Amino acid sequence: MSDRHNIAAWLPAVGAKLELRPAPISEPGQDELLIQTEAVAVQPAEYKIQDGVLPFPLTYPTIIGLCFAGRVVKTGPGVTRFQIGDRVVTNSAGTLRNDARFGALQKYALTTQQLTAKIGEASFEKSAALASNFYGAISALLLHLNLDRPGPAPDPLNRSKKILIWGASSSFGAAAVQIAASAGYSVVGVASGSNAALVKSLGASEFVGRTEDSATEALIALGPYHAVLAAADSAKDQGTIGTVLAAQGGGTFLSTMGVRAGVSLPDGVTGFFAQFLDDYLDPANAEFTRWVWWEYLEQILVEDQMHALPSRIMGGLSQAQKAWDLLRQGRISAERLIIQPNAE
Ligand SMILES: NC(=O)c1ccc[n+]([C@@H]2O[C@H](COP(=O)([O-])OP(=O)(O)OC[C@H]3O[C@@H](n4cnc5c(N)ncnc54)[C@H](OP(=O)(O)O)[C@@H]3O)[C@@H](O)[C@H]2O)c1
């Protein structure tokens with residue numbers, strides 16, 4: 001390890017810009033892996049932490065970033081499934097741990113073996129892009145909306161059940177469309193009209209443009225919906241979802257950001273929020289966690305069975321602030337920004 005040195009993109013405080021500075025190389029503890037980070041998928045939650053919008057109680061300075069792909073360079077006690085040199089993708093849950101050693105935006109980061117998958121010959125960039133919200137999408141659909149697991153022989157009755165995915169061109173939504181379609185459901189996707197072909201190519205049987213004047217009527221006509229996931233939405237969108245659900249006699253929807261302030265939903269309609277990473281840290285979900293990370297995600301990456309949104313390679317750690325700024329400005333549509341910490 002002596003020839004290695006670590007550099008991180010440190011977040012000094014809420015509201016401050018990222019700063020590149022040295023960081024220690026940490027020893028992996030029980031069940032932990034030290035990863036040389038090759039591709040970090042940049043996510044909206046990161047700039048929201050910088051802005052103070054997501055009030056995680058973090059000790060500053062800290063290192064943000066959860067989802068990355070790379071090579072195992074050291075294993076801690078209790079690691080049974082991974083070896084030095086393995087190519088992997090992982091979610092380090094660093095933000096929830098309040099532990100900079102687990103932040104993705106550094107050359108060497110810690111993670112746990114439980115939330116790590118082998119990727120075979122899949123590219124680091126695609127693996128990070130797909131995994132970055134795959135975990136959330138599959139937990140949303142299976143644990144919170146009680147859909148069936150995807151598999152080779154889905155229940156034929158699922159074809160008659162419609163799943164509405166709002167924000168289907170987001171990274172979260174793109175994964176959700178593919179997972180729901182793989183479980184045999186009929187997916188209705190909503191996104192900007194320019195992303196219609198993409199959403200259909202992911203497995204949606206119907207598409208509605210979210211800015212079309214006729215969107216509400218079109219969605220009511222396509223219903224009723226067995227389940228509704230708002231993967232990316234706004235307060236206005238939630239009002240539309242409320243109208244659509246009210247037209248089918250009421251119902252509930254899951255929103256990745258929860259019901260927005262000021263949104264008034266019709267009688268019989270409710271929206272709810274879940275923090276999906278919590279699901280994977282809950283020992284009650286150990287079997288689910290193991291299936292997601294050590295079976296299903298590995299299978300779809302190694303066998304190239306799912307699409308990730310196209311990756312835009314931003315460069316090394318010096319480009320992380322620019323990536324956060326692009327997300328903050330809402331200038332990213334249907335693509336995932338990637339930082340390569342060891343590229344510079
Ligand atoms: N609760 C949790 O545990 C959890 C976990 C992960 C992520 N999240 C949240 O989930 C959301 C999605 O994350 P992500 O990484 O998938 O984001 P992302 O890929 O960066 O989202 C970009 C996409 O959002 C779409 N979008 C923007 N405004 C929209 C709107 N009003 N209606 C529908 N689509 C809209 C855009 O679609 P078009 O260009 O097609 O319009 C664009 O393709 C974020 O808010 C994130 O913070 C929550």
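1. Is Ala129 buried or exposed? Ala129 is buried, because 30 C-beta neighbours lie inside 10 Å; a residue is called buried if 20 or more other C-beta atoms lie within 10 Å of its own, exposed if 12 or fewer, and partly exposed in between, with C-beta atoms placed from the backbone. The structure discussed here is a predicted model, in which local features need pLDDT of at least 70 and side-chain atom pairs count only at pLDDT 80 or more, while totals for chains, interfaces and linings use all residues. Residues are numbered from 1 along each chain as its sequence is written.

2. Ala129 is found in helix H3; helices (H or I, at least four residues) and strands (E, at least two) are DSSP runs, numbered from the N terminus. Leaving aside neighbours within four places in sequence, Ala129 is in contact with Ala41, Ala308, Leu309, Ser311, Arg336 and Ile338. Two residues are in contact if their C-beta atoms, placed from the backbone, lie within 7 Å. Ala129 and Gly249 are separated by 120 residues in sequence and by 38 Å in space, C-alpha to C-alpha.

3. The overall architecture comprises 10 helices and 16 strands. The radius of gyration of the chain is 20 Å, close to the 20 Å that the globule rule gives for 344 residues, so the chain is as compact as a globular protein of that length. The radius is taken over C-alpha atoms, and the rule is 2.2 Å times the number of residues to the power 0.38. Along its principal axes, the C-alpha trace spans about 65 × 45 × 35 Å.

4. Burial and contact order may be taken together. Buried residues make up 47% of the 344 residues in the chain. Of the contacts with a separation of 6 or more, 71% are accounted for by residues 24 or more positions apart.

5. The domain assignment gives domain 1 (6–118 + 310–339) and domain 2 (137–276); such bounds come from an automatic or database domain assignment. The C-alpha centres of domain 1 and domain 2 lie 29 Å apart.

6. The largest nonpolar core has 104 residues, of which Ala128, Ile165, Ala176, Val177 and Ala180 touch the most other members. Helix H3 (residues 124–144) gives the most to this core, with 12 residues. Domain 1 and domain 2 both give residues to this core, so the core lies between them. A nonpolar core is a set of buried Ala, Val, Leu, Ile, Met, Phe, Trp, Tyr and Cys residues joined through C-beta atoms within 7 Å. Leaving aside neighbours within four places in sequence, Ala176 is in contact with Ala137, Ala140, Leu141, Ile165, Leu229 and Ala231.

7. How do H1 and H10 pack, and at what angle? H1 and helix H10 (residues 320–328) pack at an angle of about 95 degrees, with their axes 9 Å apart. The axes are lines fitted to C-alpha atoms, for helices over the stretch in contact, and angles run from 0 to 180 degrees between N-to-C directions. H1 and H10 are therefore roughly perpendicular to each other, a term that covers 65 to 115 degrees. At this meeting of helices, Pro44, Glu46, Tyr47 and Gln50 in H1 face Trp324, Leu327 and Arg328 in H10 as contacts.

8. The bond from Tyr60 to Pro61 is cis, with omega near 0 degrees, and Pro61 lies in the loop between helix H1 (44–51) and strand E4 (62–63). The bond from Gly223 to Pro224 is also cis, with omega near 5 degrees; Pro224 is placed in the loop between helix H6 (215–222) and strand E12 (227–230).

9. Most residues other than glycine have a negative phi, and most peptide bonds are trans. Asp31, although not a glycine, has a positive phi of about 65 degrees. Asp31 is in the loop between strand E2 (19–23) and strand E3 (32–41) and counts as partly exposed, with 17 C-beta neighbours inside 10 Å. Asn98, likewise not a glycine, has a positive phi of about 50 degrees. The loop between helix H2 (94–97) and strand E7 (108–112) holds Asn98, which counts as exposed with 12 C-beta neighbours inside 10 Å.

10. Arg159 occupies the loop between H3 and strand E9 (162–166) and is exposed, with 12 other C-beta atoms within 10 Å. Leaving aside neighbours within four places in sequence, Arg159 is in contact with Gly184 and Ser186. Arg159 and Ala175 are 16 residues apart in sequence and 19 Å apart in space, C-alpha to C-alpha.

Terms used
Angles under 35 degrees count as roughly parallel, over 145 as roughly antiparallel, 65 to 115 as roughly perpendicular and the rest as oblique.
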